[in-house]
Amino acid sequence: MANAIAFLTRTRGRNGRWDWTDWVSYGYLMFGVFIIFGPILWLMMSSFKTEADIYRYPPKFLPHVQETVMVDGYDDPLPLYSIVSGEHKGRTLAQLRRVGLVAQMIDPRNPDERLKVNISDREAIESVGFAFGNYTEVFERFTLLRYFYNSTFITLVTTAIALIANSMAAFALSKYQFRGRTAILMVVIGTLMIPQTVVLVPLFMVVRELGLVNNLWGVIIPSAATPTGVFLLRQYMLTIPDEILDAARMDKASEWKIFWRIILPLSAPAIAVLAILSIIWRWNDFLWPLIVLSENEQFTLQLALNSLQGESIIEWSYLLAMTVLTLLPVTVVFMFLQKYITTGIASTGGK
Amino acid sequence: MQMPFRGSWGGFMLSVLTPLMKIVEIPFVLVQKFFGVRRVAWVFLAPNLILFALFAFIPIYLNFAYSFTSGGNILLEDRPDAGWENFRTLTACDNYLDPNSCERDVFWRALFNTVWFVTLQVAFMVGFSLVTAIILNREIRARGFFRSVFFFPVMLSPVVIALTWKWILQRHGILNASLDAMGYEPVWWLVDRQWAFAWSVFLTVWAHMGFYTLILLAGLQAIPRDVYDAALMDRASPWRTFRHITLPLLSPTMLVVLVLAGIKGVQTFDEVYAFTGGGPGSATTLIIQYIYETGFGGAPRLFGLAAAASILIAGLLVILTGLQFWANRRNVDG
């Protein structure tokens, strides 16, 4: 035991002594964990709550479900209550139905006798339990699979196009000495400087002219043009020695073959990083799909979520389940690939 | 499904890809034959350049064109020429400090909001990420774990972030319940103008802090160890070490972070729009939301005005980006 504590409290190179700065540091970090995971955990817990449990005030952290009992002569399980005051105080009764302020209840052991109980006299019997109703209902009530498909399709196709176009451009800009190279590089930097957010109007006009409004391709093609990818890949390809290319040219390989068979495999690490980043960015995209896609059929998950919460009465039970489903893929990707993602983002400077 | 070729996916892919690659190869071979090997570069550049042209350069040109037109027509040739009218109404104000006196009062309100928003956001963002980075740079156990924790929200979608916090802050949410339990009055967090604004700032800092922490951490780790060892030899106090060694050596990275946070701050839209919808009133309407709503929000669609507003914002962003490149260069040289 003492060993375990010594192990946990050991700091490297300081003879295991804790001074106050260590306490402050770990205190701060634990607080950070709480502030960041707390809300997510709360969201997940809430999504497993029943409708009544969601609107309970004050809320409980863990989801609770009311206990039920099967009574002879009734098809559905009946909810159980304990009676806390009034003439039946102390008994455990099942509720048949509620009429105004009075509930019709029966004793499960003696189902023939009907009792009338004031609803303020009873308390629901609950236990911790996860309700999956929100999730199943979300799939039944909304065309969730459609949104899922739209999001996935846009994400994967955009990423594929971006990877191909960007790696080809990066190859040209890193391995060829041609007139106009500097100009093209400046052009790429230029597009880096003009964020999509400030050319919304004309971008929409171009997409409209191409007949791609309310079409998934209207989201895909403009999003594929990312200068970030060109930069990231070019930076990596510059480290590949030119001698390899020269050797291949000696063997009469065509330029395309050099790119396809030599440069691409050698750049695999950088391409993998870009692919992960692109998938996450496109999955989370919001503003551009919001402008291009206005019909429910074409909505991505993000748009569907947003339109649901914009309604005057927010149906939190569905919304919470859908939010969890939307954040799940990204979370799983992050859990497995967080090392590549963090280094990748650090080297590209965001989007 | 039965694989038609060689009985495996790999074989199937190959049998599709090989002929495809033969076709793709043709333009490269032709250009090399007639124009020389260097010109092949242009064939490689073509797909990306076409995308850039269509979705970056033509829009930039069109943006200027649209900003000088008015009316609700979509096609440029149907739109009446408006001269500088859009820019004039956007900038027409009796008193520039009072948005109510402006012809386009919502634009000015959005602009004021954005300036406030960016100032507060950048201050808190840099402050918190600096503290976090410094702590993570200490001899911390499970550093990788804590680093990923702080980075996790960066991965989340803006709508998810907004909904997560909306759920916490709603009238009968967990925050009000906690306040209630401690004997405080519950607050309508997102109905009160000031609270809604403050929470919007909080939300964006919460979501993006991890990214800047990462950059600052890299900056801290690039400071050579022996400088600290020398300070230790001289018995410099931790505060003096921080003030006279860490901060000056970190300042190039700080500059990058400041400018980057500024640029992203001006472009904030998704989180806040999904969080408050710009409300209550126009308390959290930021400039990109103004552009979006002017051009696409509802009838009449004032494309000309939205384009003109974009140009004003683009001007601001170009200045900020110029600062970024300057900061980057200093970072590399210094």
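**Note on chains A and B**

1. Chain B is divided into domain 1 (9-47) and domain 2 (85-333), with bounds that come from an automatic or database domain assignment. The centres of domain 1 of chain B and domain 2 of chain B, taken over C-alpha atoms, are 45 Å apart.

2. This is a predicted model, in which local features need pLDDT of at least 70 and side-chain atom pairs count only at pLDDT 80 or more, while totals for chains, interfaces and linings use all residues. Residues are numbered from 1 along each chain as its sequence is written, chains are lettered from A in the order in which they are written, and side-chain values use heavy atoms, leaving out hydrogens and water.

3. Contact (heavy atoms within 4.5 Å) involves 103 residues from chain A and 93 residues from chain B. Between them the two chains bury about 9100 Å², 76% of it on carbon and sulfur atoms. Buried area is the accessible area (1.4 Å probe) that two parts lose on being put together, summed over both. In chain B, the residues that lose the most area to chain A are Phe44(B), Phe55(B) and Trp167(B), together 10% of what that side buries.

4. Two salt bridges are found across the interface of chain B and chain A. A salt bridge is a side-chain nitrogen of Lys or Arg within 4 Å of a carboxyl oxygen of Asp or Glu. Asp22(A) forms a salt bridge with Arg138(B), and their closest N and O atoms are 2.9 Å apart.

5. Helix H2 (residues 40-67) of chain B gives the most to the side of chain B that touches chain A, with 21 residues. Helices here are DSSP runs (H or I, at least four residues), numbered from the N terminus.

Technical notes:
Helix = DSSP H or I, 4+ residues; strand = E, 2+ residues; numbered from the N terminus.
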